[in-house]
Amino acid sequence: MTFWSLWKTRPRESRLRRALFQIHLWSGLCLGVYVLVLSVSGSALVFRNDLYNAFTAPPVILKAQGERLSAEAIRSAARAAHPGYEISRVWENETNPAQAIEITLDRGGHEIQRLFDPYSGRDLGHAIPAGIRLMSWLEDLHVNLLAGESGRLVNGTAAALWVALGLTGAVIWWPGLRDWRRAMGVRWRANWRRFNFDLHSAVGIWTLLFFLLWGITGVHVAIPRPFWAVVDYLEPPPETYQPGMRTGEVILRWSSRLHFGTIGGRVTQAIWVVIGLAPAVLFVTGVVMWWNRVLRRRDL
């Protein structure tokens with residue numbers, strides 16, 4: 001029987017499929033936690049602009065208590081409240097002297113932003129609301145893996161492997177001409193092992209295009225400089241340059257928008273949130289299959 005005949009009728013007997021299955025299995029296990037983290041954080045970030053607006057707090061206005069402290073007295077109070085930190089930035093509302101003063105302090109590259117009472121010098125707490133700090137942390141986790149440029153490089157590489165994981169999964173999913181329709185659904189009354197397999201298979205094939213989209217655009221989001229360098233090389237900025245006038249620039253901006261789902265309004269965002277959790281489902285069901293096929297057999 002030729003390769004294509006075998007592939008159309010009994011693909012699971014193909015050596016290629018068996019080899020790709022091993023690649024898919026072990027690469028999935030290695031990337032599993034990464035996929036889980038990026039899936040959950042990515043879904044949370046779809047509505048990040050709305051959440052940033054919702055978490056934004058009104059300015060803190062204080063009741064005047066005598067004379068305002070001098071600029072140096074405020075700085076001294078900030079240093080006393082946070083020993084070891086150096087003041088890098090001070091912001092105050094010159095039109096409203098009763099508004100709290102925001103001071104940014106730095107220690108070894110770690111910045112904190114605090115509010116201070118301009119009359120007593122008392123530390124009033126974080127200048128940035130907890131919700132915004134959480135969203136900023138999630139965005140840093142999703143894009144930089146909390147590791148700056150090094151994290152971006154790892155993220156870009158892992159995104160490329162994410163694409164390979166999706167492609168190998170598509171090949172493995174193919175059950176042959178006779179059974180391909182059945183393989184796109186879930187047998188709800190089957191035993192738990194079959195149900196788990198069907199769920200993994202069906203979720204994977206139905207969300208494959210999204211899976212590939214997020215992987216491909218994820219490379220650009222994580223490592224944008226090479227892509228912009230290519231655009232600058234192919235379309236050098238004209239003397240009368242205005243943002244968005246180059247074709248390559250438009251493509252890259254659309255790439256970012258597609259990755260985060262900031263297109264098409266609420267409906268698109270809701271779809272991105274729900275389907276964005278599919279990789280997490282694939283990881284969990286994949287681990288269950290691995291445990292059942294490998295670890296459980298070793299225990300018998």
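Helices here (H or I, at least four residues) are DSSP runs, numbered from the N terminus. One of them, H6, covers residues 148-173 and holds Ala-159. Keep in mind that this is a predicted model, where local features need pLDDT of at least 70, side-chain atom pairs count only at pLDDT 80 or more, and totals for chains, interfaces and linings use all residues. Residues are numbered from 1 along each chain as its sequence is written, and side-chain values use heavy atoms, with hydrogens and water left out.

Let's start at Ala-159. With 5% relative accessibility, Ala-159 counts as buried (under 20% relative accessible area, with exposed meaning over 50% and partly exposed in between, using a 1.4 Å probe and protein chains only). Setting aside neighbours within four places in sequence, Ala-159 is in contact with Tyr-34, Gly-215, Gly-218 and Val-219, contact being heavy atoms within 4.5 Å. His-220 lies 61 residues away in sequence, yet its C-alpha is 9.3 Å from that of Ala-159.

Now for helix H10, residues 247-260. Gly-248, Glu-249, Leu-252, Ser-255, His-259 and Phe-260 are buried in H10. Seen down the axis, these buried residues fall within an arc of 120°, so they line one face of the helix (the arc is that of the directions from the helix axis to the C-beta atoms). On the face turned away from the buried side of H10 sit the exposed Thr-247 and Ile-251. What do the buried residues of H10 pack against? Their partners are H2 (15-45), H3 (48-55), H5 (130-144), H8, H9 (224-234) and H11. After H10 comes Gly-261, with a positive phi near 75°.

Two pairs among those partners deserve a look. Two packed helices are described by the angle between their axes and the distance between the axes. The axes of H8 (residues 208-222) and H11 (residues 265-276) come within 11 Å and cross at roughly 95°, axes being lines fitted to C-alpha atoms over the stretch in contact, with angles from 0 to 180 degrees between N-to-C directions. H8 and H11 are therefore roughly perpendicular (65 to 115 degrees; under 35 is roughly parallel, over 145 roughly antiparallel, the rest oblique).

For H3 and H5, the axes come within 8 Å and cross at roughly 155°. That makes H3 roughly antiparallel to H5.

Technical notes
Helices (H or I, at least four residues) and strands (E, at least two) are DSSP runs, numbered from the N terminus.
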